[in-house]
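Hi,

Here's the structure I said I'd send over.

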Amino acid sequence: MLFLPDEARSLPPPPLVNKGSVWLGFAGWTAALLDNGFNHRPVIRAGVHRQILFTTVGWFVGYFLTKHTEYIHAKRDRELFEYVKQHPEDFKATEKKRIGELLEDFHPVR
């Protein structure tokens, strides 16, 4: 689970700025600020190097988790499409109906 298999290399990489990276980067920065506050240091001005480090670590952990999540979803999609391909009798295409056939006749009541 920690490392991605080689077949994950065929997937396109996620963007550098994604939801997981931003949230965990923010969480890392908040953790550095809380560490400063709990140790009675100036919250924002002290330990700027630690703030940058925690933010960077959170950003890369978020990027890795996003990449891992996309791999898991792609793997599940591949397995489901393969199942559908092997069992076409369970997934028959339905005939397409027009919207007029689906709706009932409208009679306004006044």
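Phe 91 is partly exposed, at 42% relative accessibility (that label covers the range between buried, under 20%, and exposed, over 50%, using a 1.4 Å probe and protein chains only). Together, Tyr 83 and Phe 91 make an edge-to-face aromatic pair, 6.1 Å centre to centre and with 85 degrees between the planes.

Quick background: this is a predicted model, where local features need pLDDT of at least 70 and side-chain atom pairs count only at pLDDT 80 or more, while totals for chains, interfaces and linings use all residues. Residues are numbered from 1 along each chain as its sequence is written, and side-chain values use heavy atoms, leaving out hydrogens and water.

How many aromatic pairs are there? The count comes to 2. Rings of Phe, Tyr and Trp (its six-membered ring) pair if their centres lie within 6.5 Å; planes under 30 degrees apart are stacked, over 60 edge-to-face, and the rest tilted. Phe 26 and Trp 29 form a tilted pair, with 6.2 Å between centres and 45 degrees between planes. These two sit 3 residues apart in helix α1 (residues 19-38), so about one helical turn separates Phe 26 from Trp 29. Helices here are DSSP runs (H or I, at least four residues), numbered from the N terminus. Phe 26 is partly exposed at 47% relative accessibility, and Trp 29 is also partly exposed, at 32%.

One last thing to find: Leu 53 is in helix α2.

Cheers
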